Amino acid sequence: MASEQLKPTILLVDDEVMVLKALRRVLANPQWHLLTAEGGAQALEIMARQPVALIISDLRMPEMSGLELLNEIKRLYPETVRIVLTGYAEMDVVVKAINQGEVYRFFTKPWENAELVETIQTVLQGWREKTDQLSSFSE
């Protein structure tokens, strides 16, 4: 089992508290840390304090849209993998998010639990391999 320091952090961002609670329930796993934010500004505050391997963000949020948030994360933290979770099938916005924010994947609400977990495991496996490579260079 990975030590506490080597556990990746996943940040869930959605302005709907019930969605965050549902995601926490589905994604509870001792292999990673889960953090939540109810908006873009709070997400950026969290990311300024600690590294985040993966962010899963809603697109439609007040004050700062998910697209704006993901673009800012791409600029400030390019190593953080970005996934979109949206309740709207506005393909032009999703395509824009993928192209501008270099989004790894997008899911529509309601999401398929097994597919979401499998995607996260794939992303974090790549994160662990990259972390292992970097630590072997520093030894």
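Two strands pair if DSSP finds at least two bridges between them. I applied this criterion throughout to a model that is predicted.

I looked up the strand order and found an open sheet of five strands, arranged 2-1-3-4-5 with parallel pairing. Strand 2 (33–37) and strand 5 (105–108) form its edges, as each pairs on one side only. I noted a twist that averages 20° from one strand to the next.

**Entry 2, strands 3 and 4.** I then examined strand 3 (residues 54–58) and strand 4 (residues 81–86), which pair in the parallel sense over five bridges. Within this pairing I asked which residue of strand 4 stands opposite Leu54. I found Val81 there.

For helix 3 (residues 66–76) I listed the buried residues as Gly66, Leu67, Leu69, Leu70 and Ile73. Seen down the helix axis, these buried residues fall within an arc of 160°, so they line one face of helix 3.

I located Thr9 in strand 1 (residues 9–13). Is Thr9 buried or exposed? Thr9 has a relative accessible area of 7% and is therefore buried, the cut-off being under 20%. Leaving aside residues up to four places away in sequence, I found Thr9 touching His33, Leu35, Gln50, Pro51, Val52, Ala53 and Leu54.

Conventions
Residues are numbered from 1 along each chain as its sequence is written. This is a predicted model: local features need pLDDT of at least 70, side-chain atom pairs count only at pLDDT 80 or more; totals for chains, interfaces and linings use all residues. Side-chain values use heavy atoms; hydrogens and water are left out. Buried means under 20% relative accessible area, exposed over 50%, partly exposed in between (1.4 Å probe, protein chains only). Helices (H or I, at least four residues) and strands (E, at least two) are DSSP runs, numbered from the N terminus. The arc is that of the directions from the helix axis to the C-beta atoms. Contact means heavy atoms within 4.5 Å. Axes are lines fitted to C-alpha atoms, for helices over the stretch in contact, and angles run from 0 to 180 degrees between N-to-C directions.
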